[in-house]
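This report goes through one protein chain, from single residues to the chain as a whole. The sequence and the model come before the text.

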Amino acid sequence: MLAQSDRRIFPSAEDRYQHCLFCGKGIVVLPSDRRGGACFDCVSLLGPEAMPCPECGTEIDATSRAAGCARCGWFPNP
Ligand SMILES: [Zn+2]
Ligand SMILES: [Zn+2]
């Protein structure tokens, strides 16, 4: 009947559209998203665990990924 299994409420129609930090693909980011700004393709490769910083190799926690690397200052630009 009603296909609402994936229906979600967004506070803003603008904020949820971003680009994957890793491949640049357009993604929809949910308020409770824990992908850290990565698309599903990339996050599936990275997994929920820490990823290495592209610049210095320091592991960046998945939840901190969007904030960049605290060690070398690498920041994920779209
Ligand atoms: Zn991606
Ligand atoms: Zn770094």
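Predicted model: local features only at pLDDT ≥ 70, side-chain atom pairs only at ≥ 80, totals over all residues.

P54 sits in the loop that runs between β3 (51–52) and β4.

In sequence, P54 and P76 are 22 residues apart. In space, their C-alpha atoms are 9.4 Å apart.

## The segment after β4

Two residues of this segment are described here. A62 follows β4 (59–60), and A66 is also placed in the segment after β4. A62 has 18 other C-beta atoms within 10 Å and is therefore partly exposed. A66 has 17 C-beta neighbours inside 10 Å, so A66 too counts as partly exposed.

Which residue lies 26 positions from A62 in sequence but 5.9 Å from it in space, C-alpha to C-alpha? That residue is G36. A66 is in contact with G36 as well, along with G37 and P76, when neighbours within four places in sequence are left aside. Between A66 and N77, eleven residues apart along the chain, the C-alpha separation is 9.2 Å.

V43 belongs to helix α1, which spans residues 40–46. Is V43 buried or exposed? V43 counts as buried, because 22 C-beta neighbours fall inside 10 Å and the threshold is 20 or more. The C-alpha atom of V43 is separated by 9.2 Å from that of F22, a residue 21 positions away along the chain.

V43 is also one of the six residues of the largest nonpolar core; the others are C20, L21, I27, A38 and C39. In soluble globular proteins, nonpolar side chains tend to be buried together. C20, another member of this core, touches K25, I27, G37, A38, C39 and C42, with residues up to four places away in sequence not counted. Among these contacts of C20 are I27, A38 and C39, which are core members themselves.

## The chain as a whole

The chain contains one helix and four strands. Their order along the sequence is β-β-α-β-β.

The chain has 78 residues, of which 15% count as buried. Of the contacts between residues at least 6 apart in sequence, 18% join residues at least 24 apart.

Definitions and conventions. Residues numbered from 1 in each chain as written. Chains lettered and ligands numbered in written order. Helix = DSSP H or I, 4+ residues; strand = E, 2+ residues; numbered from the N terminus. Buried ≥ 20, exposed ≤ 12 C-beta atoms within 10 Å, placed from the backbone. Core = buried A, V, L, I, M, F, W, Y, C linked by C-beta atoms within 7 Å. Contact = placed C-beta atoms within 7 Å.
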